[in-house]
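Okay, thanks everyone for coming. Let me put the chain up on the screen, and then I'll walk you through it.

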Amino acid sequence: MRTYTHVVHDLTPVYDEHSRILILGSLPSVKSRGQFFYNHPQNRFWKVLAAVFEDTLPETIPQKKAFLLEHHIALWDVIASCDIAGSSDSSIRNVTANDMEVILKTADIRRICANGDTAYRLFSKYYLT
């Protein structure tokens, strides 16, 4: 039997008026909650972005925020709150979605990317229907 916890998303989105790409996750992992997006050292997110942009790997939270803004990337998650067992996306239920208008009214987003199936499915359910 899974033990569910009600989680309220505690990270603010990173974006500015120059953001053109929005990358969406589902919800921060247990290890990243209260810190920053993809902040666990084993997560490959920042290594992949650095390689894609042929840039230096950002290590600190201020460096990561600056990296995103320098490359015109907005970053947030689809879920504002939900019930979840650990960090398992497959266990997510009772979702309340974040209000993407916060970003979309400020930035000229030209591309929206989901970091996985759950983020894509939830974004499609809450914003494309």
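Predicted model: local features only at pLDDT ≥ 70, side-chain atom pairs only at ≥ 80, totals over all residues.

Let's start with a charged pair: arginine 110 makes a salt bridge with aspartate 108, and their closest N and O atoms are 3.1 Å apart. By salt bridge I mean a side-chain nitrogen of Lys or Arg within 4 Å of a carboxyl oxygen of Asp or Glu. Searching the whole structure turns up 1 salt bridge. Arginine 110 is exposed, at 61% relative accessible area, while aspartate 108 is partly exposed at 39%. The cut-offs there: buried is under 20% relative accessible area, exposed is over 50%, and partly exposed is in between, with a 1.4 Å probe and protein chains only.

Residues are numbered from 1 along each chain as its sequence is written, and side-chain values use heavy atoms, with hydrogens and water left out.

Now the overall picture. There are 4 helices and 6 strands in the chain, and along the sequence they come as β-β-α-α-β-β-β-α-β-α. Helices (H or I, at least four residues) and strands (E, at least two) are DSSP runs, numbered from the N terminus. The radius of gyration is 14 Å, which agrees with the value near 14 Å for a compact globule of 129 residues; that's taken over C-alpha atoms, and the globule rule is 2.2 Å times the number of residues to the power 0.38. Of the 129 residues, 41% are buried. Looking at contacts with a separation of 6 or more, 67% are between residues 24 or more positions apart, where contact means heavy atoms within 4.5 Å.

On to the aromatics. How many aromatic pairs does the count come to? It comes to 7. The rule is that rings of Phe, Tyr and Trp (its six-membered ring) pair if their centres lie within 6.5 Å; planes under 30 degrees apart are stacked, over 60 edge-to-face, and the rest tilted. One of the pairs is phenylalanine 36 with tryptophan 46, stacked, at 6.1 Å centre to centre and 20° between the planes. Phenylalanine 36 sits in the loop between strand 2 (21–25) and helix 1, and tryptophan 46 is in helix 1, so this pair ties together parts 10 residues apart in sequence. Tryptophan 46 also pairs with phenylalanine 45, edge-to-face, at 5.0 Å and 90°. Phenylalanine 36 is buried at 3%, tryptophan 46 is buried at 4%, and phenylalanine 45 is buried at 13%. Ring pairs link Phe36, Phe37, Tyr38, Phe45, Trp46, Phe53 and Phe67 into a cluster.

Phe67 takes us to helix 2. In helix 2, residues 61–70, the buried residues are Lys64, Phe67 and Leu68. Down the helix axis they fall within an arc of 95°, so they line one face; the arc is that of the directions from the helix axis to the C-beta atoms. Pro62 and Glu70 are exposed on the other side. Cover for the buried residues includes helix 1 (45–52) and strand 3 (73–77). After helix 2 comes histidine 72, with a positive phi near 60°.

Last stop: serine 81, in strand 4, residues 79–84. Serine 81 is buried, at 10%. Leaving out residues up to four places away in sequence, serine 81 touches His6, Val7, Val8, Asn94, Val95 and Thr96.
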